[in-house]
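Please look at the sequence and the model before reading on.

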Amino acid sequence: MQFQQLQYFVAVAETRHFTRAADLVHVAQPSLSQQIKALEKELGADLFLRARGNITLTDAGEALLPLARRILADADTARHEVQELAQLRSGRVRLGATPSVCTGLLPDVLRAFHDRYPGIRLLIEEGGSHDLVRELARGALDLALVVLPLPTPSPALTTVELLREDLVVVSSPDAPAPGRGRRTVRIPDLEGERLVMFRHGYDLRELTVAACRAEGFEPDFAVEGGEMDAVLGFVRAGLGVAVVPRMVATQSGRGLRVTPLARPGLHRTIALAHRSDVAPPRAARELQRMLLER
């Protein structure tokens, strides 16, 4: 089995088209088809069901696809690791983070990292913890900042707790204060409030909804489906209140009233995660060190 054959196989699996796959990997279509047939012969199984205008994976192809992606990702990581040996003068770090972490925690750390290693490209992917865990597992990210507990426990990942952060309630100064103007807001006080709510899959959405249900009520959404910046903007406009991390409220709270939650309050734990079976590239390990020592 050749590395190149796996590249061709993944290209066909993702495009479901031999000619488009050949264009993607910059090879003539007959050469790509010949290599796929050679791979099938070596494995002793067809990988694709071929019909005019319809290419689908066989069961054998479905089984090979995640393994082939993992092999290609590991090879890519190895290539970049070697390139980075020259005192981190070149290379990249692929970092995933939830949008609220990108807003609150990352800017200062990434600025310090970029000042120290200007030749390292920083590739940032925003997403919910569930999506980031999946991207880590398939080798598309080097590191990810996720919210614990993980939505799906994964023995293939190593996590290190980074910080435990309080959540607060933000509202428009022009609207009535939540909790009848008290210095703190209890979760039951949110029963009478219209909430500006994040999209499905957002860790803060699931945490807030679970807290309301634990108090015996369903939250009332004024607006839902936004990312962090949109949610804060809707709150400023007076559409409702939102539960957000204190760090975000502190750094992006201009034009917002910030009210703490009464004890025991709500909290979230941010962790740094990476694959257990493959060491992060050198540049990623350096960023990891700076995050842990921040």
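## Aromatic pairs

A search of the whole structure finds 4 aromatic pairs. Rings of Phe, Tyr and Trp (its six-membered ring) pair if their centres lie within 6.5 Å; planes under 30 degrees apart count as stacked, over 60 as edge-to-face and the rest as tilted. One of the pairs is formed by Phe 9 and Phe 48, which are tilted, at 5.5 Å centre to centre with 45° between the planes. This pair links distant parts of the chain, since Phe 9 lies in helix H1 (residues 3-15) and Phe 48 in strand E1 (residues 48-51), 39 residues apart. Helices (H or I, at least four residues) and strands (E, at least two) are DSSP runs, numbered from the N terminus.

The rings of Phe 18 and Phe 48 have centres 5.9 Å apart and planes at 70°, so this pair is edge-to-face. Phe 18 is in helix H2 (residues 18-24) and Phe 48 in strand E1, 30 residues apart, and the pair links distant parts of the chain. Phe 9, Phe 18 and Phe 48 form one aromatic cluster. Both Phe 9 and Phe 48 are buried. Here buried means under 20% relative accessible area, exposed over 50%, and partly exposed in between (1.4 Å probe, protein chains only). Phe 18 counts as buried because its relative accessibility is 11%, and Phe 48 is buried at 2%.

## How the model was treated

This is a predicted model, in which local features need pLDDT of at least 70 and side-chain atom pairs count only at pLDDT 80 or more, while totals for chains, interfaces and linings use all residues. Residues are numbered from 1 along each chain as its sequence is written, and side-chain values use heavy atoms, with hydrogens and water left out.

## Salt bridges

Side chains of opposite charge can pair when their charged atoms come close. The structure holds 20 salt bridges, each a side-chain nitrogen of Lys or Arg within 4 Å of a carboxyl oxygen of Asp or Glu. Glu 14 and Arg 69 meet in one of them, at 3.3 Å, N to O. Glu 14 belongs to helix H1 and Arg 69 to helix H4 (residues 59-83), 55 residues apart, so the pair links distant parts of the chain. Glu 14 counts as partly exposed at 47% relative accessibility, and Arg 69 as partly exposed at 29%.

Arg 268 forms a salt bridge with Glu 165, the closest N and O atoms being 3.3 Å apart. Arg 268 is in strand E11 and Glu 165 in strand E6 (residues 157-171), 103 residues apart. Arg 268 is buried at 5% relative accessible area, and Glu 165 counts as buried at 8%. Glu 286 and Arg 289 also meet in a salt bridge (2.5 Å, N to O). They are 3 residues apart in helix H11 (residues 282-292), which means that about one helical turn separates them. Arg 70, Asp 74, Arg 275 and Asp 277 are linked in a network of salt bridges.

## A buried leucine

Is Leu 272 buried or exposed? Leu 272 is buried, because its relative accessible area is 0%. Leu 272 lies in strand E11 (residues 267-275). Leaving aside neighbours within four places in sequence, its contacts (heavy atoms within 4.5 Å) include Leu 143, Thr 158, Val 160 and Leu 291.

## Cysteines

A search of the whole structure finds 0 disulfides, a disulfide being a pair of cysteine sulfur atoms within 2.5 Å. Cys 102 counts as buried at 16% relative accessibility, and Cys 212 counts as buried at 1%.
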